[in-house]
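Thanks for coming, everyone. Have a look at the screen.

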Amino acid sequence: MPTVRSFAKINLGLAIGPARPDGFHALRTVYQTIGLNDIITVTARKGSGIEIRSADARVPTDATNTCHKVVERALHSLRTSARVTIEIEKRLPVQGGLGGASANAVATLIALERALKKTLPQEERLRIAAEVGSDLPVFLVGGTVLGIDRGQVVYPLPDLPSMPCVIALPAVGVSTPKAFADWDELMTGQDAGGGKLTDSGGSDRIERFGHALSAWLSGISGASARSRGRAENPLLDLVRTGIENDFERVVFPQYPELRDIKGVLERAGALYASLSGSGSALYGLYRTRMAAERAARKLKGFGVTAQVTSTVTRAQYWKRLQVSSS
Ligand code: C5P
């Protein structure tokens, strides 16, 4: 009965480009896995059918669940059949912005392979994950990851050292498709009104994000070669490139309390604070665990649910993923 941890992610910056003919948006983001996790157990027996169990009533147990979609595709790809049971122990908040459902689906794929004692080539895993959702493939890499295209094309980046992190969980839900639609409207308005955009729908933004990231990457590889021991934290260097989450520009005006929460995280000493994905989760990165705990207490004082965790590097991700295989 393979049991695995399903870690969440945050987005260190997210630039939205123009809407594409397929309805998706081009984007650029840096994903970072974090320590908050659910627990997924998969069993595979003779027969057929997929059963999902969870004590959390908010978890769909039918074919709409991303775990279900991944298992269907994986069995097909492995040319095998089995009666598969997926147990989802929800510890993560069922909250937008942290990729919880996507992480569950990838953890299910990993546990399924172990249950069947069969493996898919990584390329095939990535294909299945990308087909089920834009946010899934990052969880086949872990650590610090560049996401391009619609977010599903992922490249491992040099890992940033693990950092204390506060996740704020406001009690509002944000619809991702609506946030994208609001972004399109904002861009159209700017085009017509201020004429600030020089191209259709902001492809300059994703280009700028690419340049900033490329400069950062050249910097950290150059710095490590030239001046090892420079006290600088590569994460601080990344933040100083000015990467932002574009969703803040459409989500904050609609939910001003989210902007206030970002302010609390910043005033509590965050090195960087941001909305994660389209929200409503926000996060702050802190120099020390104590600072993170202080920030979480401040948020709780304002009645906002908050959890202290830390970012998870690629090595930690794969080491901690496995709970048991008995
Ligand atoms: O891929 P995923 O199922 O997570 O996407 C959910 C919805 O978010 C899509 O149907 C689309 O409306 C929107 N989306 C988008 N551009 C992206 C990713 C998602 O417009 N790059």
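Does Tyr 317 count as buried or exposed? Tyr 317 has a relative accessibility of 3%. The cut-off for buried is under 20%, so Tyr 317 counts as buried. Keep in mind that this is a predicted model.

Stay with that residue. Aromatic rings are our first topic. A pair of rings is described by two things: the distance of the centres and the angle of the planes. The structure holds four aromatic pairs. Take Phe 7 and Tyr 317. Their ring centres are 5.5 Å apart, and their planes meet at 45°. Planes under 30 degrees apart would be stacked, and over 60 would be edge-to-face. At 45°, then, the pair is tilted.

Where do these two residues sit? Phe 7 lies in strand E1, residues 3-19. Tyr 317 lies in helix H10, residues 314-321. The pair therefore ties together parts that are 310 residues apart in sequence. Both Phe 7 and Tyr 317 are buried.

Now the next ring. Tyr 317 also pairs with Trp 318. Here the centres are 5.0 Å apart and the planes are at 85°, so this pair is edge-to-face. Trp 318 is partly exposed, with a relative accessible area of 34%. Put together, Phe 7, Tyr 317 and Trp 318 form one aromatic cluster.

On to the ligand. Which residues are around the ligand? They are Gly 23, Phe 24, His 25, Leu 27, Gly 133, Ser 134, Arg 150, Thr 176, Pro 177 and Phe 180. One side-chain N or O atom of His 25 is 2.7 Å from a ligand oxygen. For the side chain of Ser 134, an N or O atom is 2.6 Å from an oxygen of the ligand. Arg 150 uses its backbone: an N or O atom there lies 2.9 Å from a ligand nitrogen. On its own, the ligand has 460 Å² of accessible area, and the protein covers 70% of that.

Next, the nonpolar core. The largest one has 40 residues. Which of them touch the most other members? Val 84, Ile 86 and Leu 112 do. Several elements each supply at least two residues, among them E1, strand E2 (25-45), helix H1 (66-77) and H10. The largest share is nine residues, and it comes from helix H2.

Let's move to strand E5, residues 144-148. Thr 144 has its place there. At 0% relative accessibility, Thr 144 counts as buried. Its side chain makes a polar contact of 2.5 Å with the side chain of Gln 32.

Last stop: the backbone. Most residues other than glycine have a negative phi, and most peptide bonds are trans. Here are some exceptions. Arg 79 has a positive phi, near 50°. Arg 79 is in the loop between H1 and E4, and at 77% relative accessibility it counts as exposed. Asp 149 also has a positive phi, near 60°. Asp 149 is in the loop between E5 and strand E6 (153-156). It is partly exposed, at 29%. Finally, the peptide bond from Gly 279 to Ser 280 is cis, with omega near 10°. Ser 280 is in the loop between strands E8 and E9.

That's the tour. Over to you.

Note on methods. Residues numbered from 1 in each chain as written. Predicted model: local features only at pLDDT ≥ 70, side-chain atom pairs only at ≥ 80, totals over all residues. Heavy atoms only, no water. Phe/Tyr/Trp six-rings, centres within 6.5 Å; stacked < 30°, edge-to-face > 60°. Helix = DSSP H or I, 4+ residues; strand = E, 2+ residues; numbered from the N terminus. Buried < 20%, exposed > 50% of the residue type's maximum accessible area, 1.4 Å probe, protein only. Near = heavy atom within 4 Å. Polar contact = N/O pair within 3.5 Å; in protein donor to acceptor, adjacent residues only side chain to side chain. Areas by Shrake-Rupley, 256 points an atom, 1.4 Å probe, with all protein chains shown as cover. Core = buried A, V, L, I, M, F, W, Y, C linked by side-chain atoms within 4.5 Å.
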